[in-house]
Amino acid sequence: MSYLTVKHLQHWLYSIHDPKGSFCYLVVGNAKALLYDAGYGIASLQETIATITDKPVEVVLGHGHVDHANGAYQFNEVWLHEADFDLFHEHTSTEWRKNITEEQDEKPKSFQPEAYINAIAPKLKKLTVGQIFDLGGLHVEVVNMAGHTPGSMGLLAKEHRVLLNSDAASDHVWMHLPGSSTISQYISMLKRVLTLGFDTFYTGHSNRARPKAEMDKYIQVARNATIEKAAPYEAFNGLIYQEDGVAIVFNQDTLQ
């Protein structure tokens, strides 16, 4: 069984599951393909993509966190919004990779810890809001979804009315990390995104197709979050508020 698991979601869209918990997405047009996010990089994304398509591949990172960006070293160059460049360099550093190699989880037999730790970062290309990738019969537009991180960007597959958003909006969103926006700014971002032309969206830690209306629930939960209603959240000293199957993690600084 392969370490990375591929699922064919739509005729043009595949998810690639990293067993450490994140999902990448491969968008396939008539001329080119686009990989959105790169996981932890424990196993070869190149080999996995080759089982799906032989078309040239653009790589776009939804944001700079380790669980979505670390596999970028497997490519010569990747697109990322400049606001997350510093975050990317921190999360793909030898220190972070060393920590990953020491985690007691199953890794593929082909995994080489030293090569992984010392892998060279790719060239970062500046992703811009409104930028369009023409994949041949399929156009993907970059959407500003800053909030979870300053450089969080979604991708809108225009012909298919599908939005990919990594960790920018989900039913368990972290808004308590260095660089996270305030909750009010997060709500404003979601309201703006809801005006865009999509019917379905996919997130970075589940490949379940979600209806657009689910974002309304995210807004409602964010509005209702208060310190009094929240419980302690161990990771990075946050507070978690949960309602109707949706959770938002925040702290006193971001609850504005």
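**Strands, cores and an open sheet in a predicted model**

Strand 2 (13-18) and strand 3 (22-28) run antiparallel and are joined by six bridges; two strands count as paired if DSSP finds at least two bridges between them. The structure is a predicted model, in which local features need pLDDT of at least 70 and side-chain atom pairs count only at pLDDT 80 or more, while totals for chains, interfaces and linings use all residues. Residues are numbered from 1 along each chain as its sequence is written, and side-chain values use heavy atoms, with hydrogens and water left out. Helices (H or I, at least four residues) and strands (E, at least two) are DSSP runs, numbered from the N terminus.

Strand 2 and strand 3 form a hairpin with three residues between them, and Gly 21 in the turn has a positive phi of about 120 degrees. Asp 18 stands opposite Ser 22 in strand 3. On its other pairing, strand 3 is antiparallel to strand 4 over four bridges, and a hairpin of four residues joins strand 3 to strand 4. Here Leu 26 has Leu 35 of strand 4 as its bridge partner. Seven of the seven residues of strand 3 are buried, where buried means under 20% relative accessible area, exposed over 50%, and partly exposed in between (1.4 Å probe, protein chains only). In a regular strand the side chains alternate between the two faces of the sheet. In strand 3 both faces are covered, with Ser 22, Cys 24, Leu 26 and Val 28 on one side and Phe 23, Tyr 25 and Val 27 on the other.

The largest nonpolar core has 30 residues, of which Leu 26, Leu 35, Leu 45 and Leu 61 touch the most other members. Such a core is a set of buried Ala, Val, Leu, Ile, Met, Phe, Trp, Tyr and Cys residues joined through side-chain atoms within 4.5 Å. Strand 3 gives the largest share of this core, three residues. Contacts (heavy atoms within 4.5 Å) of Leu 35 beyond four places in sequence include Ile 16, Leu 26, Leu 45 and Phe 75. A second, separate core of 29 residues includes Val 143, Tyr 186, Leu 190 and Tyr 241.

The loop between strand 3 and strand 4 holds Asn 30, which is exposed, with a relative accessible area of 64%. Asn 30 touches Lys 55, Leu 135, Gly 136 and Gly 137, not counting residues up to four places away in sequence. Between Asn 30 and Leu 138 there are 7.6 Å in space, C-alpha to C-alpha, although they are 108 residues apart in sequence.

Six strands form an open sheet of mixed pairing, in the order 8-9-10-11-13-14. Strand 8 (132-134) and strand 14 (206-211) stand at the edges with a single partner strand each, so one side of each lacks a neighbour in the sheet. The twist from one strand to the next averages 25 degrees. Axes are lines fitted to C-alpha atoms, for helices over the stretch in contact, and angles run from 0 to 180 degrees between N-to-C directions. Strand 13 (residues 200-203) pairs with strand 14 in the antiparallel sense over three bridges, and Thr 203 stands opposite Ser 206 in strand 14. Helix 7 (residues 214-224) packs on the sheet, touching strand 11 (162-164), strand 13 and strand 14, and its direction makes about 95 degrees with that of strand 14.
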